[in-house]
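Please have a look at the model first, and then we can walk through the pairs together.

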Amino acid sequence: STETTWERPSSVPGTPKSPSANSRSVLTVNGYYISGTPVHQLDSGHMSLRKASGELQSPGSPAAPRRQSKESSLTINCVTFPHPDVMPEQQLLKPSEWSYCDYFWADKKDSQGNNTVSGFEILLQKQLKGKQMQKEMAEFVRERIKIEEEYAKNLSKLSQNSLAAQEEGTLGEAWAQLKKSLADEAEVHLKFSLAFLKNLQSEVEKPLLNFRENFKKDMKKCDHHIADLRKHLASRYTAVEKARKALTERQKDLEMKTQQLEVKLSNKTEEEIKKARRKSTQAGDDLMRCVDLYNQAQSKWFEEMVTTTLELERLEVERVEMIRQHLCQYTQLRHETDMFNQSTVELVDQLLRKVDPAKDRELWVKEHKTGDIRPVDMEI
């Protein structure tokens with residue numbers, strides 16, 4: 001026989017008897033391609049995966065058809081994707097949402113266009129930036145409280161100033177009320193700053209510090225875990241390429257020896273041909289095992305990416321909601337402070353409307369008069 005192809009031995013544990021390319025289904029999600037070990041069921045009930053035929057083909061397989069003009073898949077940075085020209089549009093994991101788990105599978109060029117950044121790294125950078133923004137917002141509010149405290153102290157000090165304290169009458173009453181309103185306003189602003197400072201420390205800063213500390217540990221752990229999975233996937237891909245090259249060399253050797261025997265250019269025996277065929281078959285088996293291990297590694301990375309990106313999404317929602325609630329508390333306290341300030345100013349306005357220069361003059365005259373007899377001309 002002049003066959004140069006191979007068949008997978010049925011005795012290999014955990015491998016199907018037939019090497020047919022259509023013997024297994026391929027899981028594809030958002031441009032992502034997985035074959036081999038099935039992906040575990042995802043927790044979210046509304047998530048869905050769509051099956052598509054085709055998988056990594058081993059060169060030289062007897063059941064594998066000749067390569068068509070267009071490949072059914074392509075590999076980018078050791079990750080296998082369906083070829084966009086031959087694969088139909090894939091269904092998203094969360095079709096109704098712009099979820100992290102659907103849009104960060106491929107790598108992306110950095111801002112300088114020199115190096116590539118993984119999709120997970122982009123999500124991680126966003127998360128770290130969000131935590132920094134949260135810290136800066138807390139610092140901003142703390143500075144606002146300091147200003148409020150200084151404002152309250154200055155108002156209180158000013159209300160105790162003796163300037164114009166000798167003003168009398170209805171205008172004097174209005175002036176005294178204005179100074180008293182400053183003292184009342186100072187007390188309100190001081191209470192606001194103290195209340196909000198206590199709220200900031202107990203409900204925001206301490207939980208934030210604990211949250212940030214735990215987040216750093218969790219993110220570092222996730223980062224290392226995903227990075228290790230990518231390294232493992234890259235090593236599996238290298239093994240596939242090495243096994244593919246070895247199979248090609250074995251097939252060439254077998255074909256050359258067979259041709260030499262046919263044209264009687266060599267004294268190669270039938271036994272040597274059988275030996276070369278066994279080596280070719282073994283190389284094909286090695287390639288198929290490497291492909292299976294690659295697909296398992298890619299499947300594991302896929303599962304961990306889905307789980308981790310959904311967790312990052314949850315943490316981001318939690319961060320935004322926590323800041324929103326905190327700022328709502330801030331604005332509520334500000335409204336209460338402003339309402340009190342308005343009430344004190346309204347009383348001053350009422351007194352100012354009652355200012356009566358004639359009445360003030362009457363009261364002052366009555367209090368300070370020395371006599372109501374006017375001088376007359378002297379007579380001789």
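Glu187 has a relative accessible area of 43%, so Glu187 counts as partly exposed (buried is under 20% relative accessible area, exposed over 50%, partly exposed in between, with a 1.4 Å probe and protein chains only). Please keep in mind that this is a predicted model, where local features need pLDDT of at least 70, side-chain atom pairs count only at pLDDT 80 or more, and totals for chains, interfaces and linings use all residues. Residues are numbered from 1 along each chain as its sequence is written, and side-chain values use heavy atoms, with hydrogens and water left out.

**Salt bridges overall**
- Searching the whole structure gives 18 salt bridges, each being a side-chain nitrogen of Lys or Arg within 4 Å of a carboxyl oxygen of Asp or Glu.

**A pair within helix H2**
- Glu187 and Lys191 form a salt bridge, at 3.3 Å from N to O.
- Both residues belong to helix H2 (residues 169-262) and are four residues apart, about one turn of the helix; helices (H or I, at least four residues) and strands (E, at least two) are DSSP runs, numbered from the N terminus.
- Lys191 is exposed, because its relative accessibility is 53%.

**A partly exposed partner**
- Glu271 pairs with Arg278 in a salt bridge whose closest N and O atoms are 4.0 Å apart.
- Arg278 has a relative accessible area of 48% and is therefore partly exposed.

**A buried pair and its network**
- Salt bridges with shared partners connect Lys94, Glu97 and Glu313 in one network.
- In the bridge between Lys94 and Glu313, the closest N and O atoms are 3.6 Å apart.
- This pair links distant parts of the chain, 219 residues apart: Lys94 is in the loop between strand S5 (79-82) and strand S6 (108-109), and Glu313 is in helix H3 (residues 270-353).
- Both Lys94 and Glu313 are buried.
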